[in-house]
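Keep the coordinates open as you read.

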Amino acid sequence: MPHPGAFGLLLTLHVVLALFLLGPLALVCVTAPVLLRAVPGPLPVLLLATRLVRVLAAASLLLVLTGVGLVHQGSFGSVRSLGDGWLLGSLLLWALGCASCLGLVAPGMSRAIAEVEAGGDARRRIAGVAVGAATSTLCWLLVASLMVIKPGA
């Protein structure tokens with residue numbers, strides 16, 4: 001089924017943002033515990049990874065904005081609202097995924113960096129970072145599933 005005009009452009013942008021923002025974000029989060037095990041060796045990489053988590057999680061707001069635009073635009077005359085279960089669930093899961101990245105992964109990595117720079121051991125931060133990484137990755141997988149399956153739509 002073709003998606004012409006503004007809807008098609010918005011849908012393309014939404015999918016591209018998902019690939020280029022959430023894909024790398026999930027990858028960086030999943031590799032963070034491995035980086036922490038290897039510290040102090042990859043400290044510059046850990047600094048970059050921490051920055052990437054923050055930037056990509058914040059930039060994923062663009063994904064939400066294009067998604068809201070898609071709902072507003074509607075496809076093929078269908079009327080959707082953000083109150084639809086699969087859309088509301090996706091928004092909540094996105095918020096939880098971002099909160100995990102910004103509240104557990106990035107701060108845990110920052111604390112680990114500070115500990116290493118102070119001569120300490122970063123490995124005690126692995127569990128918290130791993131929980132945040134697993135939570136955010138699960139959220140992104142569930143959002144992708146909801147976008148494809150659209151239960152109740």
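The expected span of a helix is 1.5 Å times one less than its number of residues. Helices here are DSSP runs of H or I with at least four residues, strands are runs of E with at least two, and both are numbered from the N terminus. This is a predicted model: local features need pLDDT of at least 70, side-chain atom pairs count only at pLDDT 80 or more, and totals for chains, interfaces and linings use all residues. Residues are numbered from 1 along each chain as its sequence is written, and side-chain values use heavy atoms, with hydrogens and water left out.

Start with the whole chain. It has five helices and zero strands. Its C-alpha trace spans about 60 × 25 × 20 Å along the principal axes. Buried means under 20% relative accessible area, exposed over 50%, and partly exposed in between (1.4 Å probe, protein chains only). By that cut-off, 40% of the 153 residues are buried. A contact means heavy atoms within 4.5 Å. Take the contacts between residues at least 6 apart in sequence: 81% of them join residues at least 24 apart.

Now apply the span rule to helix α3, residues 61-73. This helix has 13 residues and reaches 18 Å from first C-alpha to last, close to the 18 Å expected. Its buried residues are Leu63, Val64, Thr66, Gly67, Gly69, Leu70 and Val71. Their cover includes α1 (5-38), α2 (43-59) and α4. After α3 comes Gly74, with a positive phi near 70°.

Move on to helix α4, residues 85-117, which holds Ser90. Ser90 is buried, at 6% relative accessible area. Leaving aside residues up to four places away in sequence, Ser90 touches Val143, Leu146 and Met147.

Charged pairs come next. A salt bridge is a side-chain nitrogen of Lys or Arg within 4 Å of a carboxyl oxygen of Asp or Glu. The structure holds three. One joins Arg123 and Asp121, with the closest N and O atoms 3.1 Å apart. Arg123 is partly exposed at 49%, and Asp121 is partly exposed at 39%. Salt bridges with shared partners join Glu115, Arg124 and Arg125 into one network. Arg124 meets Glu115 at 2.9 Å, N to O. Arg125 meets Glu115 at 2.6 Å, N to O. This latter pair links Arg125, in the loop between α4 and α5 (126-149), to Glu115 in helix α4, ten residues apart. Glu115 is buried at 13%, whereas Arg124 is exposed at 63%. Arg125 is partly exposed at 22%.
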